[in-house]
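Please examine the sequence and the three-dimensional structure shown below. The paragraphs that follow lead through selected parts of it, step by step.

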Amino acid sequence: DQLQVDDLVVVRPGEQIPVDGVLAEGDSFVDESMISGEPIPVDKKKGDKVLAGTINQRGSFIIKASQVGSETVLARIIRMVQEAQGSKAPVQRIVDRVTGIFVPVVLGIAVLTFVLWMVIGGTEYFSYAMLSAVSVLVIACPCALGLATPTALMVGIGKAASQHILIKDAVALEQMRKVNVVVLDKTGTLTKGVFKVTNLYPAGIKKEELLQYAALAESYSDHPISLSLKEAYGRKMDAERIGEVEEIP
């Protein structure tokens, strides 16, 4: 909350980027899946834009803040979800109209019930009259009708946001019931979100040896592809067999 535009911010490995900005120094891989849905970390170099809320994977770098606080992309997304939760679906307008008529009718019936009991039974039936009138109010109360729709919308849109699904407004949510085809334009939306070794094609070497050498070569790296190679090898590696290591982004 103290950061200003043009401030220089150091982001260390594993830290969350606090503001939208531009890389002023250093390089790294940044996990932007919360914004783009793309699970593979993105390579960032000097001059590249980074967004608040995304996570630095490796390497320390310095960013120059360009948007802070309520101006960041993440803050605008949060605002959009809040506005969606407050928006009215077409069905709710119908509910509001029905409730507007229903409430006075129920109150009228409750009063009529009280009056009838008093007329029929006299003053000694006052407690019966009151109990009957309250029973009518409790049973016919349109609270469930009036509250269920906005509550369902608020819970539905909030739950979707926690699962990385952003719903623009209540109208869009209601119209989803008519959808029978969904087209996804990103591979990452449907995949696991991590690289995995599926096949090995060795030339003049055993598969096990090839995987061992590849995993050894990557033993000091935390690049997304190197992590998949080390995981595929699945054994403790004798890293001392590696000489000098220089990782070139």
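At 29% relative accessibility, Glu15 is classed as partly exposed, a term for values between buried (under 20% relative accessible area) and exposed (over 50%), found with a 1.4 Å probe and protein chains only. The model is a predicted one, in which local features need pLDDT of at least 70 and side-chain atom pairs count only at pLDDT 80 or more, while totals for chains, interfaces and linings use all residues. Residues are numbered from 1 along each chain as its sequence is written, and side-chain values use heavy atoms, with hydrogens and water left out.

Glu15 has a charged partner. Its side chain meets that of Arg12 in a salt bridge, with 3.4 Å from N to O; the term requires a side-chain nitrogen of Lys or Arg within 4 Å of a carboxyl oxygen of Asp or Glu. Arg12 is also partly exposed, at 49% relative accessibility. In general, side chains of opposite charge can pair when their charged atoms come close.

How many salt bridges does the structure hold? There are three. One of them joins Lys44 to Glu32, with the closest N and O atoms 2.9 Å apart. This pair links distant parts of the chain, since Lys44 belongs to strand 4 and Glu32 to the loop between strand 3 and helix 1 (33-36), 12 residues apart. Here helices (H or I, at least four residues) and strands (E, at least two) are DSSP runs, numbered from the N terminus. Both Lys44 and Glu32 are buried. A further salt bridge, of 2.8 Å from N to O, is formed by the side chains of Asp43 and Lys45. Asp43 is partly exposed at 30%, and Lys45 is likewise partly exposed at 42%.

Three strands form an open sheet in the order 4-3-6, with antiparallel pairing. Strand 4 (42-44) and strand 6 (55-58) each have a single partner strand and stand at the edges, so one side of each lacks a neighbour in the sheet. On average, neighbouring strands are turned by 40° against each other, direction ignored; the axes behind such angles are lines fitted to C-alpha atoms, for helices over the stretch in contact, and angles run from 0 to 180 degrees between N-to-C directions.

Strand 3 (residues 28-31) pairs with strand 6 over three bridges, and three bridges also connect strand 3 with strand 4; two strands pair if DSSP finds at least two bridges between them. Phe29 has Asp43 as its bridge partner in strand 4 and Arg58 in strand 6. Asp31, in turn, has Ile55 as its bridge partner in strand 6. In a regular strand the side chains alternate between the two faces of the sheet. Both faces of strand 3 are covered, with buried Ser28 and Val30 on one side and buried Phe29 and Asp31 on the other.

Thr54 lies in the loop between strand 5 (49-50) and strand 6. Is Thr54 buried or exposed? Thr54 is buried, because its relative accessible area is 0%.

Finally, helix 3 (residues 90-121) contains Val111, which is exposed with a relative accessible area of 52%. Leu116 is also placed in helix 3 and is partly exposed at 45%.
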